[in-house]
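Hello,

Here is the structure we talked about handing over. Please open it first, then read the notes below.

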Amino acid sequence: MAHNALGCRGVTRSDFRHDGSLPGTQGLACLEVNTQPGMTETSLVPELAVHAGISFEALVSWMVEDASLDR
């Protein structure tokens with residue numbers, strides 16, 4: 001949700017905090033959005049891609065192509 005709201009592309013990770021005293025947020029606050037660290041074949045994003053049936057090579061190709069799009 002934070003990824004889309006901020007217009008991010010590619011792969012990110014968002015850090016949230018739940019605090020029931022924050023009015024108007026249902027207690028959820030986004031602390032920051034970062035790039036996803038690690039792009040070895042054993043890092044989290046490539047591991048998740050494999051579980052989704054996407055090879056490491058296809059993942060890297062998609063990331064390069066997505067980064068090169070003029071938006």
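A polar contact is a pair of N or O atoms within 3.5 Å; within protein, one of them must be able to donate a hydrogen and the other to accept it. Keep in mind that this is a predicted model.

Start with Asp66. It lies in helix α3, which covers residues 56-68. A polar atom of the Asp66 side chain lies 3.2 Å from the backbone nitrogen of Gly10. That distance is within the 3.5 Å cut-off. In sequence, Asp66 and Gly10 are 56 residues apart. In space, their C-alpha atoms are 6.7 Å apart. Is Asp66 buried or exposed? Asp66 is buried, because its relative accessible area is 9% and buried means under 20%.

Next, Ser43. This residue is found in the loop between β2 (28-35) and α2 (44-51). Its side chain makes a polar contact with the side chain of Thr40, at 3.0 Å. Ser43 has a relative accessibility of 13%, so it counts as buried.

Last, the charged pair. How many salt bridges does a search of the whole structure find? The search finds one. Asp15 forms a salt bridge with Arg13. The closest N and O atoms of the pair are 2.8 Å apart. Asp15 is partly exposed, with a relative accessible area of 23%. Arg13 also counts as partly exposed, at 30% relative accessibility. Both values fall between the 20% and 50% limits, so neither residue counts as buried or exposed.

Best wishes

Conventions: Residues are numbered from 1 along each chain as its sequence is written. This is a predicted model: local features need pLDDT of at least 70, side-chain atom pairs count only at pLDDT 80 or more; totals for chains, interfaces and linings use all residues. Side-chain values use heavy atoms; hydrogens and water are left out. A salt bridge is a side-chain nitrogen of Lys or Arg within 4 Å of a carboxyl oxygen of Asp or Glu. Buried means under 20% relative accessible area, exposed over 50%, partly exposed in between (1.4 Å probe, protein chains only). Helices (H or I, at least four residues) and strands (E, at least two) are DSSP runs, numbered from the N terminus.
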